[in-house]
Amino acid sequence: MSLTRQAPTSVVSAEEKALFKQNRAAAGPGAAARSVETGLALPVNASSSVGWGGGPHANDGQGSLYSSLDFGGSGTQIRAAAAGKIYRACVDANSNQTALILIVHANGYTTGYYHLNQRSGFPADGTSVDLGYSLGTAGTNTVCGGSANGAHVHFTLRSGDRNNLAFESVIGKTIGGWTFHTNGSNYDGYATHGTSKVQDGGTLYNYGRYAGSGPYAGTVNSSNGANVRSGTNSASSTVMYTAPNGRALAISCKTTGSTVNNSNVWYRLTDTDYVAAALTSTAATIPNC
């Protein structure tokens, strides 16, 4: 950007400089990131709420690749965010407790869980575990280094195979139905679900992992927008948010429900909410749920 400002107008016009400046601002730390569905749940009990005291931050709390989130408090049950193979990555020699656990998932992600008070009877490395497998409770164990100001799980996202893991940014990633964003510095960020926005320090509901087919691209095609609901009954289901005309949608599958504009077809979105098919358009062939 600095080189662009210094360039003569014969090379980069004033209009182009202004456009580059606008684009840079739009892509800045506070800008909404493009959502990428990870297929992971929040690392806690299904259909429960959890506090998240640490917004997106680097694994060491100091870098610029925000791969980590802090969840829970004392006594919070920590669970596998998806099925995968489990490994003890760091063991306390004095107590034989595992402070850091890694789970390698089939979708290319590996999740890490640190500071745990580990439960007894931990399985052997490479054992397959299911979504929701109990890993222990949030604690302050720092046998692998770092610090813990209060009990929590330091949850990290990585990619690659187990012998060549790389930290993966959580910015723009959807986990447990929430897409995570940064305000530009470590531990300072927020999460969104539809039109809901929760700043770090708040509470997030675990919507679970997206396990459907697709996602398939769709678009709201209604001048009045489309109500995205918790179910397919227009009379009784909760309006989660109203998506405006032209809003991109990530569709999982189709089902039936209340009749809207002479159609009883509804689409289930990847966050498990629903929208009437009559209010949307898609070029994809959507499978049945």
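1. Leaving aside neighbours within four places in sequence, Asn227 is in contact (heavy atoms within 4.5 Å) with Val239, Tyr241, Thr242, Tyr274 and Val275. A word on the basis: this is a predicted model, where local features need pLDDT of at least 70, side-chain atom pairs count only at pLDDT 80 or more, and totals for chains, interfaces and linings use all residues. Residues are numbered from 1 along each chain as its sequence is written, and side-chain values use heavy atoms, with hydrogens and water left out.

2. Asn227 belongs to strand 20 (residues 226–229); strands are DSSP runs of E, at least two residues, numbered from the N terminus. Its relative accessibility is 31%, so Asn227 counts as partly exposed (between buried, under 20% relative accessible area, and exposed, over 50%; 1.4 Å probe, protein chains only).

3. Do look at Met240 too: 13 residues separate Asn227 from Met240 in sequence, and their C-alpha atoms lie 7.4 Å apart.

4. Thr110, in strand 8 (residues 109–114), is buried, with a relative accessible area of 0%. Beyond residues up to four places away in sequence, Thr110 touches several others, including Leu102, Val104, Leu157 and Leu165.

Notes. Helix = DSSP H or I, 4+ residues; strand = E, 2+ residues; numbered from the N terminus.
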